[in-house]
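This report describes selected features of one structure. The sequence and the model come first, and the text follows.

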Amino acid sequence: MSATPPAIDRLTAIMARLRHPETGCPWDRAQSFATIAPYTIEEAYEVAEAAEHGDSAALKEELGDLLLQVVFHARMAEEEGRFSFADVATAISDKMVRRHPHVFGDAKVNSAAAQTASWEAQKAAERAAKAASGDDRGAPGALDGVGIALPALSRAAKLQRRAARVGFDWPELAPIFAKIDEEIAELKAEISAGASRDRIADELGDLLFAVVNLARRLETDPEQALRGGCRKFERRFRAVEANLAARGNIPATATLAEMEAEWQKIKTGE
């Protein structure tokens, strides 16, 4: 069943009551944009996790939790006279209509790829208009609008996609692999030289950035790929624990060789 306006009205009314300065919830009244932002990020990740698992019940619940975050932010903004939830809904509705002229206008788009190109062109035009109106600083750049709060892997991929659109990209995979090898060599050199923790972290960051570039060119979301890798590690390590337990052992007392042998058996059996 789809959400109805009364359902949205009820949710915004609940939030208004929670934030009431006299009769509201002390915890909700004490929050600010800064303190709520981490919860917003967390809820977005939980939506992604539910979607990845194909769990409809969990997805419905997590989407509700995420919607509550939007309502929470909008309520705080309304209290300060900035904007309301209705303004948020109106703004995104206007944006969707503006960025889909092939649906709400006379433009023609023949493929998803063409739509992606059209979308990005529209976003670039909006950024340029914002800069021209004085709402932004300086001339518009290719990397403008890439949020600093994004997860680092996602932000790296988005920065690289933006740079690629203006031609700053290798045309083939070979140079990307060479760059990864180069960054590995530089990291090894810093470690061998006894470099500072900051220098090693700097080189490690370059290596991770290069690996993200490979993921991007292989049309693989690095965040999704790493989450998959984490799930795989967790599954295999839990199996190692179970196998050791069946022999009356635990990882803390097992040798690395014993755990590695179990790991390889589990890996081969998958």
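Rings of Phe, Tyr and Trp (for Trp, its six-membered ring) pair if their centres lie within 6.5 Å; planes under 30 degrees apart count as stacked, over 60 as edge-to-face and the rest as tilted. The model is predicted, so local features need pLDDT of at least 70 and side-chain atom pairs count only at pLDDT 80 or more, while totals for chains, interfaces and linings use all residues. Residues are numbered from 1 along each chain as its sequence is written, and side-chain values use heavy atoms, with hydrogens and water left out.

**Aromatic residues**

The structure holds 3 aromatic pairs. Two of them are listed here.

| Pair | Centre to centre | Angle between planes | Class |
|---|---|---|---|
| W27 and Y39 | 5.8 Å | 80 degrees | edge-to-face |
| F233 and W263 | 5.5 Å | 45 degrees | tilted |

W27 is in helix α2 (residues 26–30) and Y39 in helix α3 (residues 33–52), 12 residues apart. Helices are DSSP runs of H or I with at least four residues, numbered from the N terminus. F233 lies in helix α11 and W263 in helix α12 (residues 256–269), so their pair ties together parts that are 30 residues apart in sequence. F233, F237 and W263 form one aromatic cluster.

Buried means under 20% relative accessible area, exposed over 50%, and partly exposed in between (1.4 Å probe, protein chains only). W263 is buried at 18%, whereas W27 is partly exposed at 42% and Y39 is partly exposed at 37%.

**Nonpolar core**

A nonpolar core is a set of buried Ala, Val, Leu, Ile, Met, Phe, Trp, Tyr and Cys residues joined through side-chain atoms within 4.5 Å. The largest one has 8 residues: L11, M15, I36, V71, F72, A74, M76 and F85. Two or more residues come from each of α1 (5–18) and α4 (56–79), and α4 gives the most, with 4. Contact means heavy atoms within 4.5 Å. Leaving out residues up to four places away in sequence, F85 touches I8, T12, L67, V70, V71 and A74.

**Two loop residues**

R99 lies in the loop between α5 (85–98) and α6 (101–104). With a relative accessibility of 8%, R99 is buried. Beyond residues up to four places away in sequence, R99 touches Q115, W119, Q122, K123 and E126.

E219 is in the loop between α10 (197–217) and α11, and is exposed at 76% relative accessibility. Its phi is near 55 degrees, a positive value in a residue other than glycine. Most residues other than glycine have a negative phi.
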